[in-house]
Amino acid sequence: MNARMRTLIAAALVVGLVSGPAVAHAASASGPVAASAGSGRSAPLVSTPPNAAALEAAIAGLGPRHRDATAALVRVGGTAGCWQGSSGVADVRTGRDAVEQGRFRAGSVTKAFTTAVVLQLAAEGRLDLDGPVRRHLPGTLPDAYGGVTVRQLLDHTSGIPAADGPGDSFEAQWEHRFDVTDPRVQVANAVAKEREFAPGTAQHYLNINYTVLGLLIEKVTGMRYEDAVGARILRPLGLYRTSFPGRTETGIRGPHNRGYQAIPKADGSRELRDVTEWNSSDRWAAGDIISTTADLERFTVALFSGRVVPQAQLEAMFTVPGVKDFESGEPAAMTAGLSRIVLPDGTVAWGKSGGRHGYNTAIGATRDLSRTLVYSVNATDAKGQDMNPVALGVIMAAFTK
């Protein structure tokens, strides 16, 4: 693969599968873009087996001395073939090998689960995707947000700004890592501000949209958000190693690889600070799920196959709204719960990434499921602005020849 091709693929993947604002060949501003199961082709989108050598090289040499990651778990599947691998250490103190079936924080991959429950409720006629959110949550959104629809929350076109937090720096967040956050307080804080744009006129990827959706699920089902996801998705699919930590739990139950953040020191060296213990209540329905590569692969296959959400409602997850990104001005890339990417060879992939301190995770697949990918990379700067190089290498090896 030449350097130009690597650059094109890297740019496309960074903005497509990593919840970024733009995407190569993404939806135009003139209208939404949807893709059929085969994207107009009769042949599989990916017909070659996974490149084992490239995948092994992508995760080689991980550990405490590696610049970007201490461990990685990768699972590639689909009709074209399968590959599974792991690298690195579970604990930098002991040097113990990475736990191949270990659990990890999947971050914003949670949004795909939240979306699936909302779309199920729409299929059951219990809510209208194009109806106002206030119909189900009276008093939650003020008049300025009265026109916000459920669909606009799903695809981040609501115009609701982010809630206030401790700050963007790692140290600020570290100081508040055990804080317990109430989602209703978050929503009240956000909607007390002026809207960023008129609903439906732009896209801004923000967790607050899915915090509101979590409250909506609770209102419509009469269950806790976590229980609704468990009853509707986790138990029916047998995802027994997937869970939510709850508002006060800070650890990861079961076997797992510990997460670390690299902290620069005055002498030019770095400290690997253990960030495994962390309260995720501030992410809730937007990003606090814990899972495994096997469970996320099973979920991805079931979701894309129409076994989680009926096909009519599933189209929302494969439709990019025809608006521009609020910050970059580029065409929107996010759908309801996923994002779209077109590789330089024309192959269309869909996926969702997630980042929590110490953990970068993603699910991705072609819509015909000829290729699927799930990874967890124990990134040493998991919330950094740029995509983790190890994760990027994994995606390139999984989806390219």
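**Helix packing and sheet architecture in the predicted model**

Gln173 lies in helix H5, which comprises residues 170-175. In this predicted model, Gln173 has a relative accessible area of 16%, and because residues under 20% count as buried, Gln173 is assigned to the buried class. Leaving aside residues up to four places away in sequence, Gln173 touches Pro166, Gly167, Asp168, Trp278 and His357.

The sheet considered here is open and consists of 6 strands in the order S3-S2-S14-S13-S12-S11, with antiparallel pairing. Its edges are formed by S3 and by strand S11 (339-342), each of which pairs on one side only. From one strand to the next, the twist averages 15°.

Helix H12 lies across S2, S12, S13 and strand S14 (372-379), and runs at about 165° to S14. Ile395 is placed in this helix, which spans residues 389-399, and is buried, with a relative accessible area of 0%. Although Ile395 and Leu373 are separated by 22 residues in sequence, their C-alpha atoms are 7.8 Å apart in space.

Two helix pairs that share H8 were examined in terms of their axes. Helix H7 (residues 208-221) and helix H8 (residues 225-237) have axes that come within 9 Å and cross at roughly 70°, an angle that makes H7 roughly perpendicular to H8. On the H7 side the contact is made by Gly214, Ile217, Glu218 and Thr221, and on the H8 side by Tyr225, Ala228 and Arg232. Divided by class, the contact of H7 with H8 contains 3 nonpolar, 2 polar and 2 charged residues.

Helix H3 (residues 110-123) also packs with H8, at an angle of about 80° and with the axes 10 Å apart, and H3 and H8 are therefore roughly perpendicular to each other. The residues of H3 that make this contact are Thr110, Phe113, Thr114, Ala116, Val117, Gln120 and Leu121, and those of H8 are Tyr225, Val229, Arg232, Ile233 and Leu234. The contact of H3 with H8 comprises 8 nonpolar residues, 3 polar residues and 1 charged residue.

The buried residues of H10 are Thr293, Asp295, Leu296, Glu297, Phe299, Thr300, Ala302, Leu303 and Phe304. Just after H10, Gly306 takes a positive phi of about 85°.

Conventions:
Residues numbered from 1 in each chain as written. Predicted model: local features only at pLDDT ≥ 70, side-chain atom pairs only at ≥ 80, totals over all residues. Heavy atoms only, no water. Axes fitted to C-alpha atoms, helices over the stretch in contact; angles between N-to-C directions. Helix = DSSP H or I, 4+ residues; strand = E, 2+ residues; numbered from the N terminus. Parallel < 35°, antiparallel > 145°, perpendicular 65-115°, else oblique. Contact = heavy atoms within 4.5 Å. Nonpolar A, V, L, I, M, F, W, Y, C, P; charged D, E, K, R; others polar. Buried < 20%, exposed > 50% of the residue type's maximum accessible area, 1.4 Å probe, protein only. Pairing = 2+ DSSP bridges.
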